[in-house]
Amino acid sequence: MLAEDKNWSNRLFNTVNYSLLTLVSLITIIPFVYIVSMSFASPEEVAKGGLLLFPSKFTFGAYKYIFSTDTMVRSILISIYITVLGTLINLLLTSFTAYPLAKATLRGRRTILLMVLITMLFSGGLIPTYFVVKAFGMINTYWSLMIPTAISAFNLIVLKNFFQQIPDSLVDSAKIDGCNDLGILFRIVLPLSMPAMATFGLFYAVGHWNTFFNAVMYMNDAEKFPVQVILRQIVLLSQDQIGNTTSQQDPTDYLPQTIRMASIVVATVPIVLVYPFLQKHFAKGVLLGSVKG
Amino acid sequence: MKEHYEAQLQLRHNYRFFKESLFIRDIVRDRWLYVILLPGVLYFIIFKYVPMFGLLMAFEDYKPHLGFMNSPWVGMKHFERFFSEPQFWMLFRNTILLAIYNLVFFFPLPIVLALMLNEVRIGIFKRFAQTLLYLPHFVSWVVAVGIFYVLFTTEGGVVNELIQKIGIEKIPFLLSEDWFRPMIISQSIWKEAGWGTIIFLAALSGVDLQLYEAARMDGAGRWRQLWHITLPAIRSTIVILFILRLGSFLDTGFEHIFLMLNSMNREVGEVFDTFVYMKGLTQGQYSYSAAVGMFKSLVGLVLVLGSNWIAKKFGEEGVY
């Protein structure tokens, strides 16, 4: 692949390709850069308008304001709680369910797998699910944001396939050494699956941190709203009073733009920070998948 | 004769006993596996299958104080009401149009992007571009819609200020019927097109490099290699994703649309999902909105089974 022909059509191809990709990347990233720099600018400078990619003076005023309010700080703590505990539940339940299903000799395995697959094709939908959650008394509790989404059928199937790749010889030798199935799962299978667990952990965590609609549906108490719901009130509802939910006569109406921007940043940075931290596991996961037994 | 028959019976009995004991032996051997399997199975029964059973409330007049069992049965009443309502056609049109726009404008983009990234020979450029393109996937729809709001609002949004500078009047991107669908689609593209490349890049990484070598020997340029080697290599991936996409054809992105809806664009923006939420949970018409939701789920099911069947007819692998 290294010995590329250096003729003109190849050069043209490369030039067009690299320029287009650069352009697309810029379009993707500029809105973020813009929001971040606006959040550090002074309200007066923002009010002047224009495309302000680099403010002339950095201030932390907007952030200071956000962290001095009860609402935003509380909602962030709630979101952290839901994300950490929810992701633990996700990973525990998903791996506990996937491991037995990875055993070809398990009786009833095909039936259960079929049962899982069907849920990917057809669902009861919003209203009946709401009533199930309600019947369990989970309305207005944080459980409603963690338990009804405890296992993703898709992640379960992928993790099951991942477990199947672990060589039988490892499991057999542990059995001979007197390890039972639980011991094998905790001492051999799960440690070997750390890259996969990290990847799914990230996916689940992103889901919990970004949870918005379930919270709107299951939470009645404004004191218990996670950060995305609060963010919507600050950024979207205060701008568009003709919006669709409960009338929000917020004091946020008078908030300067910079506070809206800073709120977006605060609600986004935690989850974006987790991503590079787990990215190295992505690479390992791919490696482990390619070097079989 | 009789003895022979009895011996046969005995044999059969023994055999069955043998099989049963095998079965029980397997269950006992795997007892811990069943113990840890139980919570997951319960999860799927309670949160996936009970709601499916609960869809029966679409055929009754569900009253919370009467409960699921005692509410009166009304047959197809709610479905008949839904299909005869003028709103049905509005919802149908909005949902289908958004779904088609998604399929036409959004679906091909990750493929094109993946093909472009695959042609990049400078490793660091590729990794850098990928990291940037994946980023929006990790933000919530509230943040994505929020960013678009800040950029496109008529009150000091950058885009509108730039438009004004060129001498054109401000465009109410967020509060108009004409701009609703383009905004929805471009937001989806901005947020998910980059992430969508992952699966195609994975498929592309499996292509045998010798094929390219051979094609170059035969004098094929970059375009010909793309057309005759790269594209056929990911054809089955494209087909599978297309089928899956059709299965969720009517899932037009609930949170996304919910966040973008306002009184100015409701006429073009209301879709089945948001209608179910509004009628069901905010107005309390449970049975009626359950019927609407069921109609949507059934159409999705038919679409995915149908497209899978067609894909198999054309010799592709399909999902099942």
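Me: How much area is buried between chain B and chain A?

Reply: The general idea: interface size is often quoted as the accessible area lost when the parts come together. Here, chain B and chain A bury about 8,500 Å² between them, 75% of it from carbon and sulfur atoms; buried area is the accessible area (1.4 Å probe) that two parts lose on being put together, summed over both. In chain B, the residues losing the most area to chain A are B:Ile36, B:Phe138 and B:Arg222, together 9% of what that side buries. Keep in mind that this is a predicted model, where local features need pLDDT of at least 70 and side-chain atom pairs count only at pLDDT 80 or more, while totals for chains, interfaces and linings use all residues. Residues are numbered from 1 along each chain as its sequence is written, chains are lettered from A in the order in which they are written, and side-chain values use heavy atoms, leaving out hydrogens and water.

Me: How many residues does each chain put into the contact?

Reply: Chain B supplies 87 residues and chain A 91 residues, with contact meaning heavy atoms within 4.5 Å.

Me: And how many salt bridges cross the interface of chain B and chain A?

Reply: Side chains of opposite charge can pair when their charged atoms come close. The rule (a side-chain nitrogen of Lys or Arg within 4 Å of a carboxyl oxygen of Asp or Glu) finds one across this interface. That's A:Arg107 with B:Asp26, at 2.9 Å, N to O.

Me: Which residues are linked with A:Arg107 in a network of salt bridges?

Reply: The network joins A:Arg107 to B:Arg25, B:Asp26, B:Arg29 and B:Asp30. Within it, B:Asp26 also meets B:Arg25, at 3.2 Å, N to O. Over all chains, the whole structure has 14 salt bridges.

Me: What does B:Glu270 pair with?

Reply: B:Glu270 bridges to B:Arg266 at 3.1 Å, N to O. B:Glu270 is buried at 3%, and B:Arg266 is partly exposed at 25%.

Key. Buried < 20%, exposed > 50% of the residue type's maximum accessible area, 1.4 Å probe, protein only.
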